Amino acid sequence: MAKKAKKAAKKTAKKSAPKKAAKKTVKKAAPKKAAKKAAKKKSARKPNAAFMAPLTPSATLAEVIGTKPLPRTEIIKKIWDYIKKNKLQDQKNKRMINADAKLKAVFAGKGQISMFELAKVINKHVK
């Protein structure tokens, strides 16, 4: 039995020895990348002019966001503010928006739409 134990100990010693020898030092490439990024100057991101053009909301949309002409991005922000203020986001599926009386007119009579449809629906109510 002692011989078997010695053989088993030798096998495990042999197996672990090559693993130690296989380790190599890895050169870190991160400082080079950081230096390259620091060398490049990032230009400020410019908004698309089409998104920044003021659009006039329809009468039904004006009940929710106001009558003042706004850029498309601001219209979406104001609608989301209205949705969150009135807790109209579905509790189980947060991607769905439940319509109240004002939003039902904007959503073309639908009781619920997904947040991905919101831009498409809004597009019909701005000029």
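Read from one end of the sequence to the other, the protein runs α-α-α-α-α-β-α-β-α, which comes to 7 helices and 2 strands. These elements are DSSP runs numbered from the N terminus, with helices taken as H or I runs of at least four residues and strands as E runs of at least two. The model is a predicted one, so to speak of local features a pLDDT of at least 70 is needed, side-chain atom pairs count only at pLDDT 80 or more, and totals for chains, interfaces and linings use all residues. Residues are numbered from 1 along each chain as its sequence is written, and side-chain values use heavy atoms, with hydrogens and water left out.

Of the 127 residues, 22% count as buried, where buried means under 20% relative accessible area, exposed over 50%, and partly exposed in between (1.4 Å probe, protein chains only). Among contacts (heavy atoms within 4.5 Å) with a separation of 6 or more, 28% link residues 24 or more positions apart.

On to the core. In soluble globular proteins, nonpolar side chains tend to be buried together. Here the largest nonpolar core holds 20 residues, and those with the most contacts inside it are Leu61, Ile75, Ile79, Phe107, Leu118 and Ile122. Such a core is a set of buried Ala, Val, Leu, Ile, Met, Phe, Trp, Tyr and Cys residues joined through side-chain atoms within 4.5 Å. At least two of its residues come from each of H4 (59-65), H5, H6 (101-106) and H7 (118-123), and H5 gives the most, with 5 residues. Isoleucine 79 touches Leu61, Ile65, Leu118 and Ile122, leaving out residues up to four places away in sequence.

Helix H5 spans residues 72-85. Buried in H5 are Ile75, Ile79, Trp80, Tyr82 and Ile83. Seen down the axis, these buried residues fall within an arc of 160 degrees, so they line one face of the helix; the arc is that of the directions from the helix axis to the C-beta atoms. They pack against H4, S1, H6 and H7. The face turned away from the buried side carries the exposed residues Asp81, Lys84 and Lys85. Just past the end of H5, lysine 87 takes a positive phi of about 50 degrees.

Further along, glutamine 89 sits in the loop between H5 and strand S1 (96-98). A polar atom of the glutamine 89 side chain lies 2.7 Å from the backbone oxygen of lysine 94. Neighbours within four places aside, glutamine 89 is in contact with Trp80, Ile83, Lys94, Met96, Asn98 and Met115.

As for charged pairs, there are 2 salt bridges, a salt bridge being a side-chain nitrogen of Lys or Arg within 4 Å of a carboxyl oxygen of Asp or Glu. One joins lysine 77 and glutamate 74 (3.7 Å, N to O); these two are 3 residues apart in H5, about one helical turn. Glutamate 74 is partly exposed at 31% relative accessibility.

Methods: Polar contact = N/O pair within 3.5 Å; in protein donor to acceptor, adjacent residues only side chain to side chain.
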